Number of protein chains: 2
Amino acid sequence: MQHQISVITLGITDMPRSRRFYVEGFGWQPVFENEEIIFYQMNGLVLGTWMKPALEADMRQPGLNAPGAFALAHNVPGQADVAPVMEHLIAAGGRLLRAADAPPHGGFRGYVADPDGHAWEIAWNPAWSISADGHVTFAL
Amino acid sequence: MQHQISVITLGITDMPRSRRFYVEGFGWQPVFENEEIIFYQMNGLVLGTWMKPALEADMRQPGLNAPGAFALAHNVPGQADVAPVMEHLIAAGGRLLRAADAPPHGGFRGYVADPDGHAWEIAWNPAWSISADGHVTFAL
């Protein structure tokens with residue numbers, strides 16, 4: 001099968017609060033929104049923020065937990081970009097999980113939770129290439 | 001900021017069990033693996049499966065829950081592809097969450113959890129385009 005993830009859907013509980021984090025914090029523009037879901041066109045996939053009861057009903061999994069055992073990452077062009085992006089996300093309703101520092105495997109990163117507790121790593125990884133349209137390629 | 005997600009990292013608890021689901025179930029090939037993490041190069045981003053204690057330590061968030069309040073999706077070319085892909089994932093250690101049917105908003109989809117409970121929607125969505133290299137574009 002294609003190495004392909006089409007959508008990441010995050011369960012949210014307060015649409016304006018979540019929208020502020022993604023639109024003002026990350027500066028991302030919705031490609032669709034109504035009262036229960038917002039879609040953002042990302043780098044080869046779509047990010048959705050969907051009211052949690054609707055997501056749970058669609059998945060047939062009531063009572064899902066946040067934060068879950070996962071993290072999303074957004075990479076920035078330079079080490080000096082990490083902390084300012086994290087501060088910007090916190091100003092838009094995010095919550096600091098881990099201040100930025102250098103992990104043992106190299107680079108520089110910190111973690112901020114979105115208003116629903118979903119974790120975002122903001123990372124600088126000099127080994128990975130990022131194209132002008134945001135496509136990220138793994139490398140060591 | 002770029003509309004860019006660089007990595008999705010899933011916390012896992014049994015590496016061989018998780019590897020079987022992704023490598024045999026989805027047929028995806030690792031670009032890197034050691035005893036605690038596997039990376040898969042996806043459509044413009046990277047999927048990581050990382051032993052949960054290490055992810056929790058990196059995030060400074062002990063005791064993360066699975067399943068979390070999120071779902072990942074993989075889109076298939078036709079409606080008739082949905083059920084066979086789900087059966088293949090279940091044969092590789094997945095667990096059925098919702099049998100495939102037609103949602104109110106169109107298309108066809110079902111849900112399978114990976115061995116750690118992370119939900120995958122297997123979807124056919126005729127409105128969304130998918131390029132030969134797996135880049136997915138939102139449309140109504």
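## The interface between chains A and B

In this predicted model, the contact draws on 67 residues of chain A and 66 residues of chain B. Together the two chains bury about 6000 Å². Carbon and sulfur atoms account for 58% of that area. Three residues stand out on the chain A side: A:M1, A:H3 and A:A69. They supply 13% of the area that chain A buries against chain B, more than any other three residues.

Polar links also cross the interface. There are 44 residue pairs in polar contact, counting pairs with both residues at pLDDT 80 or more. On the side of chain A that touches chain B, strand 5 (residues 70-75) gives the most, with six residues. By residue type, that side of chain A divides into 36 nonpolar, 23 polar and eight charged.

## Salt bridges and strand pairing

Two salt bridges are counted between chain A and chain B. A:R109 forms a salt bridge with B:D58. Their closest N and O atoms are 2.6 Å apart.

The chains also meet strand to strand. Strand 1 (residues 7-12) of chain A and strand 5 (residues 70-75) of chain B run antiparallel. Four bridges join them. Within this pairing, A:I8 stands opposite B:L72.

## A:H118, a buried histidine

A:H118 sits in the loop between strand 7 (108-113) and strand 8 (119-124) of chain A. Its relative accessible area is 1%, so A:H118 counts as buried, the cut-off being under 20%.

One of its polar atoms lies 2.8 Å from the backbone oxygen of A:G11.

## Helix 2 of chain A

Helix 2 (residues 52-59) of chain A is largely enclosed by the rest of the structure, because six of its eight residues are buried. The buried residues are A:K52, A:A54, A:L55, A:E56, A:D58 and A:M59. The list includes the charged residues A:K52, A:E56 and A:D58.

What do the buried residues of helix 2 pack against? Within chain A, they pack against strand 1 and strand 4 (46-51). From chain B, the partners are strand 5, strand 6 (95-101), strand 7 (108-113) and strand 8 (119-124).

In chain B, B:R60 lies in the loop between helix 2 and strand 5. Phi of B:R60 is near 60 degrees, again positive in a residue other than glycine. B:R60 is partly exposed, with a relative accessible area of 48%.

Further along come cis peptide bonds. The bond from A:A66 to A:P67 is cis, with omega near 0 degrees. A:P67 is placed in the loop between helix 2 and strand 5 of chain A. In chain B, the bond from B:A66 to B:P67 is cis, with omega near 0 degrees. B:P67 is found in the loop between helix 2 (52-59) and strand 5 of chain B.

Methods: Residues are numbered from 1 along each chain as its sequence is written. Chains are lettered from A and ligands numbered from 1 in the order in which they are written. This is a predicted model: local features need pLDDT of at least 70, side-chain atom pairs count only at pLDDT 80 or more; totals for chains, interfaces and linings use all residues. Side-chain values use heavy atoms; hydrogens and water are left out. Contact means heavy atoms within 4.5 Å. Buried area is the accessible area (1.4 Å probe) that two parts lose on being put together, summed over both. A salt bridge is a side-chain nitrogen of Lys or Arg within 4 Å of a carboxyl oxygen of Asp or Glu. A polar contact is a pair of N or O atoms within 3.5 Å; within protein, one must be able to donate a hydrogen and the other to accept it, and residues adjacent in sequence count only if both atoms are side-chain atoms. Helices (H or I, at least four residues) and strands (E, at least two) are DSSP runs, numbered from the N terminus. Two strands pair if DSSP finds at least two bridges between them. Buried means under 20% relative accessible area, exposed over 50%, partly exposed in between (1.4 Å probe, protein chains only).
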